[in-house]
Amino acid sequence: MPLTAWRLPLSPVVLLTLLLGSLAAPASAQRLLPDRQSAQLAPRERIPLDSGWRFRRGDPDDASAALRYDHRPEVRQTADGRVADARPEDAERVQADGRPVLKPWILPSANAFIADPARRHIRPSGDPGGELPVVQPGYDDSAWQAITLPHDWAIAGPFLATGPYGGMGRLQTWGPVWYRHKLDIPAHDRGRSVFLDVDGAMAYATVWLNGRLVGGWPYGYNSWRLDLTPHLRPGGVNQLAIRLDSPPESARWYPGAGLYRRVWLTKTAPVHVGHWGSVVRTPEVSAARATVELGLTLANHGSRPARVDVTTEFFALDAEGRVQGPAVARLRQPGVTVPARAEQVARGQVVIRSPRLWGPPPAQRPHRYLARTTLTQAGRALDAYETRFGIRTLKLDPETGLQVNGQPLKLQGVNQHHDLGALGAAFNPRAAERQLELLQAMGANAIRLAHNPPAPELLELTDRLGLLVIDEIFDAWARKKTPLDFHLIFADWHEPDLRAMLRRDRNHPSVLMWSIGNEVGEQYTGEAGAAIARRLHQIVREEDPTRPTTTAMNFAKPDMPLPAEVDVIGLNYQGEGIRQDPEFEGTDRIRTPPQYPGFRARFPGKPVLSSETASAFSSRGVYLFPVTPAQSSITRDGRGGDSVARQVSAYELYAVDFGASADKVFAALDRHPFVAGEFVWTGFDYLGEPTPYYEARSSYSGILDLAGFPKDRYWLYQSRWRPDLPMAHLLPHWTWPERVGQVTPVHVFTSGDEGELFINGRSQGRRKKGANEHRLRWDEVIYEPGEIEVVTWRDGQPWARDTVRTAGEAAGLHLAADRTVLRANGEDLAFITVRIVDAAGRIVPRAAHRLRFSLQGPGEIVATDNGDATSFEPFPSPTRHAFSGQALVIVKATGAGALTLRAQAEGLEGGELVLTGREAAPDSPARRHGVTPVRR
């Protein structure tokens, strides 16, 4: 079989071009466990380091001066609430003060992701910090806090109720912290390669093992690996010590804190598949057959060349990710020579016949496959490696937008920050799954990851659920948005951070494109900024030539150089126009007329999408009067806002100064059908950036609030994104004793085109949606208690109806869970909605009683919330005031058995709910659970 070979600098590469047909595997082919695998099947072990950690805040023995990553500019506390689209600034010059820094010892951790050998870093001698007792095995950490991972140490609070901290969520995330863990490495691991794999650590991580400085990684959102092998002592206990040092004023939102994602110990033979060492591509796809190309980077950490045989079997997976049936294809690559202390890349391809394609529901299904690779030498297994992937075609056309597997699909997307509300940044698969399910029920089919790489498990969820993803790497390049953000390390780390994200995420079928930046300051710097974009785009091309690049632009115009450097034009708010109201004339803020036509004319060959739209504000269940007659309005006191209560009206007509209501965005998109779609800012409220009220803790821009309760806007998007779903939604609530006889507008969100409103059975008229209208409005309604009902039609046929009734006095508590059976693994969660109801069971829409929760049985109350951006009650608290009649309790099971959750409030009948914890097999996949939002 012919081989074609060529050599790359410092990394010999062998190209194996093998085209094999489909071969059946034996029916007895066994499934490998995803984490720790049997030595007979796979000598590779991937061990989760979830438990056994000790944690403390602050440096012991005042050692921080000797443990800084680098010199930082001096920052005097700055004002909070900077306008979100303020112009980024040039970086300050930082003067070295003569004190030592760790940077020269940390930079070599990036070498595997630096293409030019001349730019790779040489580690200096010595082990800074190694003399400190805290990194030594004998140090007494028994008084430290025992914790499990993932761990966000900042989320418990307390909130910083005063001072300029709203931008970062009013939670202290900065300052040095330490984690220690004892690794018991058996003697038989001598001769193996052992790696520490960190999915995410916030931030400026430094790692010691047995007092030796191993390395680290500054960027808190990326995943990274360190080779522990040279520093291990097999046959005994090895002491791991990790120091994190997140700076203040380093983010525009809540970044989280600590080892907030999972950490793993990976053990392999010296010859193994390298880190993120597989690449799967599907260049030819049809209903009859798919060509699947597989590239494998084989690493040899040994001192002698190794000749290995490589076999990869391809399996179809079911909806839960389990192998389904025998192998559908097999690729054999015998006799691959891997030089000593070097890498080889082996490439081959197979044909999978009658492939099951990956695509977004409901029109398609997200089918997936597994490539299981085995390395053998003289019949002995050296390594086993699994790669999940999907077979699909993606096409972005400048005129018609996106096609997935040849089917047109308008992008109905949202932006998502990485926090999980009351859980903070500590990643939890069920919490993330719940968010995605709620968004899909609304009609969303895409997610933009704002503005950083996600937890690896999030992309596993988007793959399984069928959501498309814009995977984004940076919020800042060389110019700063906050004094201590990523711009400080951009020069050294932009290449390794970008390559690391690309290699980790490139096999996920849900990833649609790569975003190299968000509203970066280089939009303002002409050709200099375009040169940076060109460099980042080229890195993406080198790692993944199959997907397009984009960058989200809120300032760059068609005649500027930066937009020319990316494949897809991504516009933040520019499509609808920015600050076109007369009151912004003469200000120094960004003012931009609608830009869709201009970008299309200047770049006729490039697709255009809205990477951020709307940034509309609302507080769930809060309605303020008067109501603007306009389609969209900025937020001010008397214009949808209340700066005293720090709430925004839920009539869903009010937005940030540079944004627009959903109605205005829909109209702009309808006028420009070539636009591939939109990504709303945001799907969920998130911690930090609480525009327009920086005295609060969390944002107002979500379609769902921080607790995951839908705002009225949820049904406005559903009416557009699921047009075939018969639905109607009335607002506001109808309990206004102080408004009897006053004008109280009634609005309806419906997928129908016409509706008739009734108040206590009396018709208020029949109305039809006009051109560029996306709601039905009865703005002249006079309030009287009782019942309001809307009946809607579509194309003259009955369609849907909704009814709202006046609530009585608060009488009791009603509890409802998203599911009542939990896996007792300490990770699975139940989300329980607690509602204050009247004697008839109707929610009391403005009830704010203080609720008390208790749990009996093998479980824990993890957190509580109410969705109120102004609430400073700590998230772990078992007490919580209701907000707009509701609160949330998050529960986990720690063992098998019944769990009884009770809720109480002064003067109300209590409520309870019984959950069941069940033991689950360690390798059992997560079960899917549908989520249906409750309106009222």
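What follows is a chat about a helix pair, a sheet and some aromatic rings.

Modeller: Before we start, keep in mind that this is a predicted model.

Biologist: Got it. At what angle do helix 2 and helix 8 pack?

Modeller: The angle between helix 2 (residues 429-442) and helix 8 (residues 713-721) is about 55°, and their axes are 8 Å apart. That makes helix 2 oblique to helix 8.

Biologist: And which residues meet there?

Modeller: From helix 2 you have Leu-438, Ala-441 and Met-442, and they meet Tyr-714, Tyr-717, Gln-718 and Trp-721 of helix 8. Sorted by class, this contact of helix 2 with helix 8 has 6 nonpolar residues, 1 polar and no charged ones.

Biologist: Which way do strand 46 and strand 53 run, parallel or antiparallel?

Modeller: Strand 46 runs parallel to strand 53 (residues 911-918), with 3 bridges joining them.

Biologist: How many bridges join strand 52 to strand 53?

Modeller: There are 7, and those two strands run antiparallel. Thr-900 is opposite Val-914 of strand 53. In their hairpin, 5 residues lie between the strands, and Gly-907 has a positive phi near 80°.

Biologist: What about strand 48 and strand 52?

Modeller: Strand 48 (residues 850-856) is antiparallel to strand 52 (residues 897-905), and 6 bridges join them. Phe-853 has Ala-903 of strand 52 opposite.

Biologist: New topic, aromatics! How many aromatic pairs does a search of the whole structure find?

Modeller: It finds 34 aromatic pairs. Take Phe-599 and Phe-603: their ring centres are 6.4 Å apart and the planes are at 20°, so this pair is stacked.

Biologist: Why does Phe-599 count as buried?

Modeller: Because its relative accessibility is 0%, where the cut-off for buried is under 20%. Phe-603 also counts as buried, at 7%.

Biologist: Last one: which residues do ring pairs link into a cluster?

Modeller: That cluster consists of Tyr-219, Tyr-221, Phe-474, Trp-477, Phe-486 and Phe-490, linked by ring pairs.

Note on methods:
Residues numbered from 1 in each chain as written. Predicted model: local features only at pLDDT ≥ 70, side-chain atom pairs only at ≥ 80, totals over all residues. Heavy atoms only, no water. Axes fitted to C-alpha atoms, helices over the stretch in contact; angles between N-to-C directions. Helix = DSSP H or I, 4+ residues; strand = E, 2+ residues; numbered from the N terminus. Parallel < 35°, antiparallel > 145°, perpendicular 65-115°, else oblique. Contact = heavy atoms within 4.5 Å. Nonpolar A, V, L, I, M, F, W, Y, C, P; charged D, E, K, R; others polar. Pairing = 2+ DSSP bridges. Phe/Tyr/Trp six-rings, centres within 6.5 Å; stacked < 30°, edge-to-face > 60°. Buried < 20%, exposed > 50% of the residue type's maximum accessible area, 1.4 Å probe, protein only.
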